[in-house]
Amino acid sequence: MNKIRVRFAPSPTGYMHVGNFRTALYTYLFAKKSGGDFILRIEDTDQKRQVEDALEKLISIINWAGFEYAEGVYMENGKAIEKGNFGPYTQSKRLEIYKKYAEQLLGSGKAYYCFCTPERLEEMRQNQLAQKQAPMYDQCCLKLSSEEIKKRLESGEKYVIRQKINTQGFTEFNDLIRGKVSIKNDLLDDQILLKSDGYPTYNFANVIDDHLMEISHIFRGEEYVSSTPKYIQLYENFGWEIPAVAHLPLLLNTDKSKLSKRQGDVAVEDYIKKGYLKEALINFVALLGWNPGEGETQEIFTLSELIQKFDLSHVHKAGAVFDIKKLDWINSQWIKKISLDDLYERSLEFIKENKSEEYIKKVLLIERERLTKLSEIGESNKFFFEEINYDKELLRWKDISDEKLKESLEKSKAVLENISETDWNRENLEKILMESAGENRGELLWPLRASLTGEKKSPSPFECAWVLGKEESLKRIKTAIEKI
RNA sequence: GCCGCGUUCGUCUAGUCCGGCCUAGGACGCCAGGUUUUCAUCCUGGAAAUCAUGGGUUCGAAUCCCAUACGCGGUACCA
């Protein structure tokens with residue numbers, strides 16, 4: 001049996017779509033699960049859609065996610081480099097290879113030169129549509145004599161190379177996810193293999209590269225199902241073994257259309273910026289179209305657990321709606337799950353205020369219970385980082401009088417003053433304050449909490465006092481007393 | 001238009017291959033209650049799918065067969 005080799009083959013066109021990210025995940029999981037090779041190939045054959053820095057961003061996201069690959073394109077010191085024995089792994093560096101194979105097809109009559117201009121093609125399509133026919137190349141250039149072809153080539157006329165499709169019968173293939181798929185061949189178009197700029201189309205390059213790189217299993221989106229017969233003919237024309245293929249279901253908007261920019265964030269970059277953890281995004285996206293099977297109720301999975309449990313037979317056929325609410329929940333679970341040190345490291349970019357590591361870690365220890373994403377740090381808890389400002393009425397517990405209110409705060413102040421710096425910890429603070437509060441807790445605790453935070457909602461006064469420290473806490477209480 | 005694929009609570013899904021254990025289970029979200037000085041966390045409970053619809057096969061169908069509807073994808077010198 002041949003070695004299992006799979007590839008993730010994105011195009012550097014600007015950003016990484018989460019649907020694409022999931023394809024990468026599933027491909028990676030399959031590779032790791034089966035002990036196969038995972039390869040990163042770059043499909044940069046569309047010159048018009050090239051975007052600067054896109055390659056660098058793409059690779060940085062794969063690295064961010066932790067999808068380690070054994071071969072392909074890497075970034076080193078800001079430069080793209082290639083590693084592996086089947087390179088180059090960047091399609092724009094393989095132009096000679098595609099040309100060679102296209103010529104081989106030309107020689108065997110499985111491909112032909114086409115000199116039709118884009119304008120003629122467009123007109124042809126319009127006519128076909130007007131007559132309610134399926135738009136399809138009319139094989140106009142197939143009839144050209146070899147003399148004429150030679151003449152037009154020599155005169156430097158622009159051309160493309162088209163695949164000569166066999167339209168007899170039908171093509172059947174066994175999709176790893178969908179099972180048997182059958183498509184009639186007379187629906188297939190003589191597609192372009194090599195464009196007039198000398199670059200191959202995806203339709204050609206993907207077949208050549210998958211074969212040459214000895215890819216055993218192809219993972220791609222559902223949108224390629226109907227093109228698969230054309231690829232199969234190509235493999236057959238060359239006499240190559242056909243790899244196994246799995247067409248993954250799409251990710252959808254709430255209205256069930258293909259997940260798109262219009263209805264929210266689609267780029268992995270957007271989710272990173274908002275403070276979603278890689279573990280959460282991976283966890284969430286893995287569950288969109290896949291499940292661990294019967295009787296399994298676990299929802300939170302690490303990457304290595306996913307590798308262990310992943311199985312193509314549990315991948316769905318239907319598309320899945322991207323539900324941000326569930327992502328939020330999974331993210332909040334992960335924020336609670338990772339270590340405090342780890343959480344601190346990852347939170348730094350979301351914290352603008354200049355505070356000590358010790359202080360920030362205290363904030364995080366309290367905050368992690370209430371965060372859904374890292375970008376929320378300090379958002380509704382500015383009082384940990386800034387001076388506070390609030391109305392006197394906020395301090396009032398129910399409808400107690402000013403005297404009572406003042407008494408309450410004075411009591412808190414006295415109690416806290418009595419706690420030494422060394423005893424200033426969460427347990428002591430809670431124990432002593434609760435004891436002092438007695439029956440009527442709110443009467444002592446609400447004004448205290450309000451004086452420390454200046455907010456209606458916040459963590460408990462014990463936690464806030466602990467984070468703020470003795471000095472700052474007492475200062476805030478004094479300020480509150482002066483307001484009354 | 002044509003072709004392909006799909007269809008279980010609002011959403012992600014279990015169950016479908018090998019019909020009975022499914023008066024359809026879990027999770028998110030939602031609602032209610034509890035814990036609680038507030039918010040959140042946490043805990044308990046609840047509402048929520050006539051298994052797209054209609055026919056068949058069968059003692060029995062979410063599960064098998066057929067048709068219909070709806071949705072999505074493809075139909076490029078994009079991938």
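Let's start in the strands. Which residue of strand 8 is the bridge partner of Phe173? The partner is Val181. One caveat before I go on: this is a predicted model.

Strand 7 covers residues 170-175, and its pairing with strand 8 is antiparallel, over six bridges. Together, strand 7 and strand 8 make a hairpin. Three residues sit between them.

Strand 6 is residues 160-163, and four bridges tie it to strand 5.

Now helix packing. Two numbers describe a packed pair: the angle between the axes and the distance between them.

First pair: helix 3, residues 95-107, against helix 6, residues 202-212. The angle is about 95 degrees, and the axes are 11 Å apart. Helix 3 and helix 6 are therefore roughly perpendicular. Who makes the contact? From helix 3, Ile97, Tyr98 and Tyr101; from helix 6, Phe204, Ala205 and Ile208. By class, that contact has six nonpolar residues, no polar and no charged.

Helix 12 contributes Leu340, Leu343, Tyr344 and Ser347. Helix 13 contributes Glu357, Ile360, Lys361, Leu364 and Leu365. Look at the spacing in those numbers. An α-helix has 3.6 residues a turn, so positions three or four apart point the same way. The classes in this contact are six nonpolar, one polar and two charged.

On to the RNA. How many residues lie around RNA strand B? There are 69, and the ones that come nearest are Ala134, Lys258, Ala318, Val321 and Ser460. By class, the surface near RNA strand B has 23 nonpolar, 19 polar and 27 charged residues. Which elements supply at least two residues each? Helix 4 (118-130), strand 8 (179-184), strand 13 (320-321), helix 11 (324-337) and helix 16 (441-453). Helix 16 gives the most, with five residues.

Last, some backbone details. Helix 15 is residues 426-437, twelve in number. From first C-alpha to last, helix 15 reaches 16 Å, close to the 16 Å expected at 1.5 Å a residue. Gly438 follows helix 15, with a positive phi near 60 degrees.

Asn77 also has a positive phi, near 50 degrees, and Asn77 is not a glycine. Find Asn77 in the loop between strand 3 (71-76) and strand 4.

One more: the peptide bond between Gly87 and Pro88 is cis, with omega about -5 degrees. Pro88 sits in the loop between strand 4 (79-83) and helix 3. That's my tour; over to you.

Conventions
Residues numbered from 1 in each chain as written. Chains lettered and ligands numbered in written order. Predicted model: local features only at pLDDT ≥ 70, side-chain atom pairs only at ≥ 80, totals over all residues. Contact = placed C-beta atoms within 7 Å. Nonpolar A, V, L, I, M, F, W, Y, C, P; charged D, E, K, R; others polar. Pairing = 2+ DSSP bridges. Axes fitted to C-alpha atoms, helices over the stretch in contact; angles between N-to-C directions. Parallel < 35°, antiparallel > 145°, perpendicular 65-115°, else oblique. Near = placed C-beta within 6 Å. Expected span 1.5 Å × (residues − 1).
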